[in-house]
Amino acid sequence: MKKLMTSCITILLLANLVHTNPQSPMSAQEIIDRMSKVYTSCRTYSDEGEVHTDYIGVPRLESLHQQFFTAFVRPGSFRFEFSRRRGNEAWDRFIGWKEGDVEKAWWPPNAGEGQAALEGTLLSFGSLSAGAALAIPSLLLADLFRGSSILTSLDELRLTGEDKIDGRKTFKVEGKFQGRTVKLWIDQREFLVLKIHRKMKFGELDVETTTNYKPQVNGDISRDQLAFNPPSDSRSAQVPVPNPGSSSSVSLTSSGLARPAFEEAPRLKYFGSSLRPNASNKADRKEKRSNADEDDIIRVDTDLVVCDVLVFDKQGKWIAGLRKDDFVIKEDDKAQEVGSFSLGDAKTIRRSIVLIIDYSASQLPYIKTSIEAAKILVDKLNPMDRMAIVTDDVKLLVDFTSDKELLKAKLEALKTSALSGAVGRSDQYDALMATLKELFAVEDLRPIIIFQTDGDQLDKLKGGSPSSPFILQRNFSLMDLLTTAEKARATIYSIIPGIRLAGLSEDEQLKRAKTDRENRMAANAELRRLKGVPGPNLASMATISDANLRVYASTWSRMQLALVGIANYTGGWTDFLEQPEQADEVYTRILDDINMRYIIGYYPTNRTRDGKRRKVNLEVRGHPEYVVWGRKTYFSPEPE
């Protein structure tokens with residue numbers, strides 16, 4: 001009996017030991033990582049839910065209720081729909097849809113037609129759906145978006161407890177997004193999001209949203225659930241490729257999806273892929289040129305460092321007539337020998353020029369004259385020069401070519417599109433980063449970028465302060481972009497359409513900011529007119545308080561200074577296009593600048609391939625008063 005009692009006590013002590021030393025619970029970050037993996041790897045997913053929006057402390061604004069539905073079959077079948085009440089009775093439906101390479105969108109007629117590209121559609125739906133169009137879709141279709149999901153971008157994560165929703169045990173995780181609290185209820189068994197609560201601020205207005213989900217993962221999804229079925233009187237936007245076929249009620253798996261009827265050139269089709277998380281580098285700049293181009297490529301030793309520079313005297317006058325022996329080069333303070341020398345207009349050195357043009361709504365007043373000026377620049381290119389055209393919706397309109405007629409035709413088509421109301425998305429920094437990563441190769445001795453934009457994507461970059469809590473911030477910062485420009489060894493010229501504010505006194509900024517604001521309002525009114533969408537009366541919006549005008553001036557001055565900084569950092573410069581008729585003068589100046597440069601090459605004595613930054617200093621022998629303007633640093637090749 002004594003032995004039995006001793007055994008029982010031992011068992012109880014062991015049991016108590018196990019009870020008092022449980023396995024360490026998952027951390028908040030581990031829960032978020034597990035949740036993300038479920039969405040990014042699931043075979044199928046569907047949900048239905050509702051967003052409840054409360055406007056805190058504003059009784060006149062009634063709470064808003066919106067219903068939504070998601071269906072998804074990996075890799076390429078997707079449908080998101082939400083409904084938004086119009087008045088006291090009608091509900092408007094919004095649909096974003098994808099089947100293979102075919103993408104469609106539906107916006108109610110009173111709201112205007114949406115973009116067909118699914119990423120743009122869902123981003124546009126973001127604020128209208130109180131975030132429902134982005135929260136889960138940005139996890140399911142991670143490679144579709146160029147920004148990080150809100151749910152995986154939370155700071156100050158912590159596990160606050162457990163709860164039950166519809167009988168399902170959940171982890172309660174809390175974090176911060178843009179400094180505001182976000183609470184998540186995540187199913188403990190399947191790691192699916194069941195509820196999201198967010199606190200946000202729009203100006204002086206405090207808003208809280210609660211989103212409830214009824215999700216299902218890896219179940220059967222019928223064709224009816226995935227069908228594109230807008231109202232019968234609808235007008236939908238669609239990518240101009242053939243319809244994938246019937247939407248009859250048949251169970252879908254991830255195989256047997258519709259295939260596009262044609263294939264674009266890889267560089268055109270996959271341009272921008274380097275910006276997407278986990279995307280393969282199908283358009284990486286290390287990729288070989290097409291076979292048709294390879295015979296024309298000058299084989300370049302990757303150790304060769306090429307600097308294109310301008311030389312000025314104290315008065316800012318350009319110094320012509322310099323020769324190879326006039327230049328002294330130092331790298332990290334060690335003397336180097338000039339190995340090659342030519343003038344900027346030499347027809348034997350090919351120039352690889354990319355025109356990145358912002359054709360968003362605010363740029364409408366400048367589009368016509370800018371494109372006509374760009375056509376003149378095309379006509380003046382040397383026979384060996386090549387040019388590519390990229391737009392602010394991250395489209396490669398035309399890859400590098402010497403075909404001047406093709407380039408001018410693409411520019412004319414872009415002008416026609418913009419003036420008909422089909423404008424870009426103001427993702428100009430995305431376009432610049434993709435250009436730097438994907439278009440230039442070691443064979444490009446003179447990579448040059450003409451960057452025409454107002455730079456209003458700045459706050460969407462990593463570390464920025466977006467104007468909306470429903471914006472997906474990019475995975476790169478402004479400093480990341482500058483580093484990438486160094487590695488590409490590109491010279492960037494910034495053209496800023498709009499009234500100059502950067503570098504002026506506060507009083508002068510306020511005077512000019514009022515004019516700039518009026519111009520932007522007029523441009524948006526013109527876009528609404530082109531699209532047949534009603535908008536507010538401009539006179540009712542003309543008044544602005546001094547405090548808000550200061551904020552406006554400060555914001556746009558900061559955006560302009562970023563563009564100035566990019567150009568200066570890469571050895572280029574910035575000009576302002578305050579009036580549309582100045583476009584020809586600005587583009588002529590750029591081409592003159594390209595032609596007036598000295599192209600100096602050398603093989604560094606430090607042949608170590610370590611991928612590190614090297615400092616370059618150029619001087620004119622016997623003329624310490626001369627200013628040599630150009631790129632001051634570069635990155636050595638990476639180890640092989």
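The talk below sets values from the model against the definitions behind them.

Guide: This is a predicted model, in which local features need pLDDT of at least 70 and side-chain atom pairs count only at pLDDT 80 or more, while totals for chains, interfaces and linings use all residues. Residues are numbered from 1 along each chain as its sequence is written, and side-chain values use heavy atoms, with hydrogens and water left out.

Visitor: What makes T391 buried or exposed?

Guide: A residue is called buried under 20% relative accessible area, exposed over 50% and partly exposed in between, with a 1.4 Å probe and protein chains only. T391 has a relative accessible area of 1%, so T391 is buried. Across the chain, buried residues make up 50% of the 640 residues.

Visitor: Which residues does T391 touch?

Guide: Contact means heavy atoms within 4.5 Å, and, not counting residues up to four places away in sequence, T391 touches I357, Y359, L397, L414 and A431. T391 itself is found in strand β19, residues 386-391, where a strand is a DSSP run of E with at least two residues, a helix is a run of H or I with at least four, and both are numbered from the N terminus.

Visitor: Why are β16 and β27 said to stand at the edges?

Guide: Two strands pair if DSSP finds at least two bridges between them, and 4 strands form an open sheet in the order β16-β15-β25-β27, with antiparallel pairing. β16 (334-336) and β27 (633-635) each have a single partner strand, so one side of each is left without a neighbour in the sheet.

Visitor: How do you know that β25 and β27 pair?

Guide: The definition asks for at least two bridges, and 3 bridges join β25 (residues 613-620) to β27, so these antiparallel strands meet the rule. Within this pair, R613 stands opposite F635 in β27.

Visitor: What is meant by the largest cavity, and which residues line it?

Guide: On a 1 Å grid over the protein atoms alone, a cavity is a set of points where a 1.4 Å probe fits but cannot get out, and lining residues have an atom within 4 Å of a point. Grid points are joined across faces, edges and corners, and a volume is the space filled by probe spheres set on the points. By this rule there are 7 cavities of 30 Å³ or more, and the largest has a volume of about 80 Å³. Among the residues that line the largest cavity are A130, I150, R198 and Y213, and the largest share of the lining, 3 residues, comes from β10.

Terms used. On a 1 Å grid over the protein atoms alone, a cavity is a set of points where a 1.4 Å probe fits but cannot get out, and a pocket is an open set with protein on both sides within 12 Å along at least five of seven lines; lining residues have an atom within 4 Å of a point.
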